[in-house]
Amino acid sequence: MNSTRRLDHMRVMVTGGAGYIGAHTSRLLADRGDYVLVVDDLVTGSADRIPGIPVVSFNLANGSSARLESLMREHRIDAVIHFAAQKQVGESVEKPAWYYEQNVGSVAQLLMAMQQAEVHKLVFSSSAAVYGEASGTITEDAVARPINPYGATKLAAEQLISASALSWPLRAASLRYFNVGGAGRPELGDTQTLNLIPICFEQIAAHKSPLIFGNDYDTVDGTCVRDYVHVSDVADAHLAVLDALPDEPGNEVLNIGTGVGTSVREMVDAILAVSGSDLIAEVRERRRGDPAAVVGAVDRMKELTGWSATMSVADIVESAWESRQYFAALAQRS
Ligand code: UFG
């Protein structure tokens, strides 16, 4: 990759730009002077997260390529960052066809529009979920064998992007996120309760003990180990990748993590401490399909773009807590 930063401002379409990671990224782009056009169906996203940034509201999955193409032409778009997706693993098991329609269909529509409008740069939100039950420190060359439809749709979308780059001059990168958490500003925090940190906050708010799913894994303290990466670092990674996309067509697959593992027990202790709670975590049965340890090898991203994560697990937990307090106060006022 070419590691020199770009000289001119870009014009970037950000799909899902009103969502959790999308809004952090859209604001960073706008802050550095790039033109940003968000396309978001505003179902889980909110335009309040991105004041001053234009939003066009529709779902990309079905028959949207002509509309996307005309938006790309009208707004003279140079590059697309594609976040818009469904991301609930359990729901993907219940509704696999709908997950493929949403998560792969949207990429198909987008790629057709990009090809027609001659937009040749794409950064795609993929997930470490493509690795399935792989355990340990995982490089991008590890076999991708997803264990649920959510992960499978991310892998299929990556493959569609790679196939496109063989047929027209598409310069793309697929970013496989590890466990994203925290908030760059309180109002940008994750409002969905899908992952360990928000689930624990929810338990604590209900005066219930946080639950630890399994303490008999072959890890430092018996609980699962994950690679937690701050959402502001993740947002910054998109800018770094956009600026360093190779000149040649292709799809660069890049892990986005810290390379450092933290156990569930360590996370839960940090969460209890920041919330000032005197509850004690309870250990439960293992959750099905949880690999013991999932940590990203992050050398490829560093070599290709110079980016590496700068924020700690403490930064993640503290900023997530501040955001939770912000939304709790907001809910009380309304
Ligand atoms: N966990 C608990 N108690 C809880 C909730 C979670 O012990 O109340 C544990 C889980 O068993 C797991 C760890 O905390 O060991 C992290 O669980 P999350 O659900 O927060 O995250 P996962 O690592 O399972 O999955 C996350 C995202 C997926 C993504 C994956 C990529 O949720 O979308 O990372 O590695 F695909």
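In this predicted model, E118 is exposed, with a relative accessible area of 61%. The residue is found in the loop between α5 (105-117) and β5 (121-127), and its phi is near 60 degrees, a positive value in a residue other than glycine. H207 lies in the loop between α7 and β9, where it is exposed, with a relative accessible area of 69%.

For β5, one partner is β4, and the two strands run parallel over 4 bridges, with A79 standing opposite K121 in β5. Another partner is strand β7 (residues 171-177), which is joined to β5 by 7 bridges, again in the parallel sense; within this pairing, S127 has Y177 of β7 as its bridge partner.

The pairing can be followed from β4 to β1. Strand β4 (residues 79-82) pairs with β1 over 4 bridges, and the two are parallel; here V14 stands opposite I81 in β4. V14 also has a bridge partner in β2, namely V38. Strand β2 (residues 35-39) runs parallel to β1, and 5 bridges join the two. Together with helix α1 (residues 20-31), the strands β1 and β2 make a right-handed β-α-β unit. Strand β1 (residues 11-15) is mostly covered, in that 4 of its 5 residues are buried.

A further group of strands is arranged as an open sheet, in which 4 strands follow the order β6-β15-β10-β13 and the pairing is mixed. The edge strands of this sheet are β6 (136-138) and β13 (262-263), each of which pairs on one side only. Strand β6 is joined by 3 bridges to strand β15 (residues 293-296), and these two strands run parallel, with G136 standing opposite V294 in β15.

Among the helices, α7 (residues 196-205) has as its buried residues I197, P198, C200, F201, Q203 and I204. An α-helix has 3.6 residues a turn, so residues three or four places apart point the same way. The buried residues of α7 are covered by elements that include β9 (211-213), α9 (264-275) and α11 (313-333). The helix is followed by H207, the residue described above as exposed.

Empty space in the model was also examined. Rolling a probe the size of a water molecule over the atoms shows where such space is left. The second largest pocket holds about 170 Å³ of space. The residues that line this pocket are T44, S46, D48, R49, E187, T191, Y326, F327 and L330, and they divide into 3 nonpolar, 3 polar and 3 charged residues.

Terms used. Residues are numbered from 1 along each chain as its sequence is written. This is a predicted model: local features need pLDDT of at least 70, side-chain atom pairs count only at pLDDT 80 or more; totals for chains, interfaces and linings use all residues. Side-chain values use heavy atoms; hydrogens and water are left out. On a 1 Å grid over the protein atoms alone, a cavity is a set of points where a 1.4 Å probe fits but cannot get out, and a pocket is an open set with protein on both sides within 12 Å along at least five of seven lines; lining residues have an atom within 4 Å of a point. Grid points are joined across faces, edges and corners, and a volume is the space filled by probe spheres set on the points. Ala, Val, Leu, Ile, Met, Phe, Trp, Tyr, Cys and Pro count as nonpolar, Asp, Glu, Lys and Arg as charged, and the others, Gly among them, as polar. Buried means under 20% relative accessible area, exposed over 50%, partly exposed in between (1.4 Å probe, protein chains only). Contact means heavy atoms within 4.5 Å. Two strands pair if DSSP finds at least two bridges between them. A crossover is right-handed if, with the strands pointing away from the viewer, the path from the first strand over the helix to the second runs clockwise.
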